Amino acid sequence: QVQLVESGGGLVQAGGSLRLSCAASGRTFSTYAMGWFRQAPGKEREFVAGISKSGASTSYADSVKGRFTISRDNAKNTVYLQMNSLKPEDTAVYFCGLTSKYLWSDYVCNRLNEYDYWGQGTQVTVSA
C-alpha cells in the first residue's frame, strides 16, 4: 500500500510562486516514476509535470513549461513542484501520482490512466 500526501497549496496573486510537496510512504520510492496532475472545476484531470525514478528525466505540459519545475529527493521520499509566474488559469486542485508501470526503465509517464496511486490533492488558487 502506498500513501501520498500533498502540501503547500494556497492562495496567491498572479505572478506569485508556490512550492508543492508530495511525501510518499509504503513503497521503495526511488523505484517509481512520479507525476503532478491538476483538476479545475468542471474539467478533467490533466497532466502537469512528470519525473523519472532517478530524477534525470522530466516532462511538462506546454501550458506550464518555463514556469514550473518538478524535482524529487529520493532520500526524503518526496517529490516537489515549484510553480513560478502563476496565472489565474493555474487555479485547480493539484494531485501527485505514482506509477508502477516503468520499474525497469527511467521513464517519464504523462498518461493519467497509468498512474496507480494518488494523493488527496491540494488546492491552488491564483487571484488576478
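The side chain of glutamate 6 reaches the backbone nitrogen of glycine 121 at 2.9 Å, and the backbone nitrogen of glutamine 120 at 3.0 Å; a polar contact here is a pair of N or O atoms within 3.5 Å, where, within protein, one must be able to donate a hydrogen and the other to accept it, and residues adjacent in sequence count only if both atoms are side-chain atoms. The model is predicted, so local features need pLDDT of at least 70 and side-chain atom pairs count only at pLDDT 80 or more, while totals for chains, interfaces and linings use all residues. Residues are numbered from 1 along each chain as its sequence is written, and side-chain values use heavy atoms, with hydrogens and water left out.

Glutamate 6 is buried yet has no salt bridge, and the nearest side chain of opposite charge, arginine 45, is 7.1 Å away. Buried means under 20% relative accessible area, exposed over 50%, and partly exposed in between, with a 1.4 Å probe and protein chains only. A salt bridge is a side-chain nitrogen of Lys or Arg within 4 Å of a carboxyl oxygen of Asp or Glu; for charge, Lys and Arg count as positive and Asp and Glu as negative, with His and the chain ends not counted. Leaving aside neighbours within four places in sequence, the contacts of glutamate 6 (heavy atoms within 4.5 Å) include Ser21, Cys22, Trp36, Tyr94, Phe95 and Cys96, along with Gly119 and Thr122.

Together with Leu81 and Met83, they touch the most other members of the largest nonpolar core, which has 34 residues. Such a core is a set of buried Ala, Val, Leu, Ile, Met, Phe, Trp, Tyr and Cys residues joined through side-chain atoms within 4.5 Å. At least two residues of this core come from each of strands E3 (18–25), E4 (33–39), E5 (46–51), E7 (68–73), E8 (78–83), E9 (92–99) and E11 (122–127).

The overall fold can be described briefly. The protein has eleven strands and zero helices. Buried residues make up 44% of its 128 residues. Among contacts between residues at least 6 apart in sequence, 60% join residues at least 24 apart. The C-alpha trace spans about 45 × 30 × 25 Å along its principal axes. The radius of gyration is 14 Å, which agrees with the value near 14 Å for a compact globule of 128 residues; this radius is taken over C-alpha atoms, and the globule rule is 2.2 Å times the number of residues to the power 0.38.

Charged pairs come next. Side chains of opposite charge can pair when their charged atoms come close. A search of the whole structure finds six salt bridges. In one of them, arginine 38 meets aspartate 90 at 2.9 Å, N to O. This pair links distant parts of the chain, with arginine 38 in strand E4 and aspartate 90 in the loop between E8 and E9, 52 residues apart. Both arginine 38 and aspartate 90 are buried. Aspartate 90, at a relative accessible area of 1%, also forms a salt bridge with arginine 67, the closest N and O atoms being 2.7 Å apart. Arginine 67 lies in the loop between strand E6 (58–60) and E7, so its pairing with aspartate 90 ties together parts that are 23 residues apart in sequence. Arginine 67 counts as buried at 10% relative accessibility.

A further salt bridge joins the side chains of arginine 111 and glutamate 114 (3.2 Å, N to O). Here arginine 111 is partly exposed at 33%, whereas glutamate 114 is buried at 17%. Elsewhere, salt bridges that share partners join Arg38, Glu46, Arg67 and Asp90 into one network.

The C-alpha atoms of alanine 40 and aspartate 90 are separated by 8.4 Å, although the two are 50 residues apart along the chain. Not counting residues up to four places away in sequence, alanine 40 touches Thr91 and Ala92.

Finally, backbone angles deserve a look. Most residues other than glycine have a negative phi. Asparagine 77, in the loop between E7 and E8, has a positive phi of about 55° and is partly exposed at 24%. Serine 85, in the loop between E8 and E9, has a positive phi near 50° and counts as partly exposed at 40% relative accessibility.

Conventions
Helices (H or I, at least four residues) and strands (E, at least two) are DSSP runs, numbered from the N terminus.
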